[in-house]
Amino acid sequence: MKKQGTIVHWDAERASGFIRSPDTAAEVYFHLRDYEGPHPIAPGTAVVYEEIVVGGKGPRALSIKLPPPPPLREAGAPIGPAPEPVLAPAATSKAQRWREERAQRRQTQIALGLLGGWLLLWLIGIGSGRFPWVVLTGVVLVNIATVFLYWRDQHVMTEGGAPWPLELLHAAAALGGWPAAWLAQHSLRHRLDDKRFQQTFVACAVFNVTALLAWVAWPLFAGGGA
């Protein structure tokens, strides 16, 4: 059912918010992927949306857009009171979009560079005998667990439930699951717009690669000092 309402709450960290409508008693939940209006999302924005009811979880908004502009007055039509303007956040400028795209490309290049270095260090470590099979098995299991953590985090944000601490996602990345985390973020389109989360994620990836480099290179320093 199509309804009109106003965004009353927006949580950028969880990429979700609520809409208040005079036609619905409860506030209506919505997720970023269902929002088709301008960015950034701001409380107070008037929207139209399709409302569904998820069993046991309350109403949810889909296909969220700005309301259409009022029709133009035909020539000779009586002049009535002017409708109140709908205030909407300013559209993103071309320069801002270009900066955002450049920042995203830079982050992708950093991630791919770290991934290449990470794979190279693992190959060197395996060849030099620095990594026993139990360690390799552990890293594979950590990456599998990381994909599950990201899937559950997105599921909780979209369908509801008890969220787990974000520290679990970052801990999994720091322990070596960051390649799976990066793939999960892009395949699920999850937490890509959360700048603070992304900064912490990159720091965890850098920490893991640095620790891996230190472990692989340690015999060189130890042998040089002997």
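1. A quick word on terms before the details: helices here are DSSP runs of H or I with at least four residues, numbered from the N terminus. Being 4 residues apart in helix α1, W118 and W122 are therefore separated by about one helical turn. Please keep in mind that this is a predicted model.

2. The two tryptophans are worth a look together. W118 and W122 make an edge-to-face aromatic pair, with 6.0 Å centre to centre and 70° between the planes. W118 counts as buried because its relative accessibility is 9%, and W122 is buried too, with a relative accessible area of 10%. Along with F131 and W178, W118 and W122 form one aromatic cluster.

3. Now for the setting of that pair. The largest nonpolar core has 26 residues, and W118, W122, Y150, W178 and F201 are those with the most contacts inside it. Helices α1 (94-127), α2 (133-159), α3 (166-188) and α4 (195-225) each supply at least two residues of this core, and α3 gives the most, with 9 residues. Setting aside neighbours within four places in sequence, W118 is in contact with V139, G176, W178, P179, N208, V209 and L212.

4. There is also a second, separate core of 15 residues, which includes I19, V28, F30 and Y49.

5. The aromatic pairs come to 9 in the count. One of them joins F30 and Y35 in a tilted arrangement, 6.4 Å centre to centre with 40° between the planes. Both F30 and Y35 are buried.

6. R130 lies over the face of W215, 4.1 Å from the ring centre, while R152 lies over the face of W164 at 3.9 Å from the ring centre.

7. On to charges: the structure holds 6 salt bridges. One of them pairs E51 with K3, the closest N and O atoms being 3.1 Å apart. E51 lies in strand β4 (residues 46-54) and K3 in strand β1 (residues 2-11), so this pair ties together parts that are 48 residues apart in sequence. Both E51 and K3 are buried.

8. R60 and D34 also meet through their side chains in a salt bridge (3.0 Å, N to O). R60 is in strand β5 (residues 58-65) and D34 in the loop between β3 (28-31) and β4, 26 residues apart. R60 and D34 are buried.

9. Where does D153 lie, and where R191? D153 and R191 form a salt bridge with the closest N and O atoms 2.7 Å apart. D153 lies in helix α2 and R191 in the loop between α3 and α4, so the pair ties together parts 38 residues apart in sequence. D153 is buried at a relative accessible area of 8%, and R191 counts as buried at 6% relative accessibility. Salt bridges with shared partners join D153, R191 and D194 into one network.

Methods. Residues are numbered from 1 along each chain as its sequence is written. This is a predicted model: local features need pLDDT of at least 70, side-chain atom pairs count only at pLDDT 80 or more; totals for chains, interfaces and linings use all residues. Side-chain values use heavy atoms; hydrogens and water are left out. A nonpolar core is a set of buried Ala, Val, Leu, Ile, Met, Phe, Trp, Tyr and Cys residues joined through side-chain atoms within 4.5 Å. Buried means under 20% relative accessible area, exposed over 50%, partly exposed in between (1.4 Å probe, protein chains only). Contact means heavy atoms within 4.5 Å. Rings of Phe, Tyr and Trp (its six-membered ring) pair if their centres lie within 6.5 Å; planes under 30 degrees apart count as stacked, over 60 as edge-to-face and the rest as tilted. A charge sits over a ring if NZ of Lys or CZ of Arg is within 6 Å of the ring centre and within 35 degrees of the ring normal. A salt bridge is a side-chain nitrogen of Lys or Arg within 4 Å of a carboxyl oxygen of Asp or Glu.
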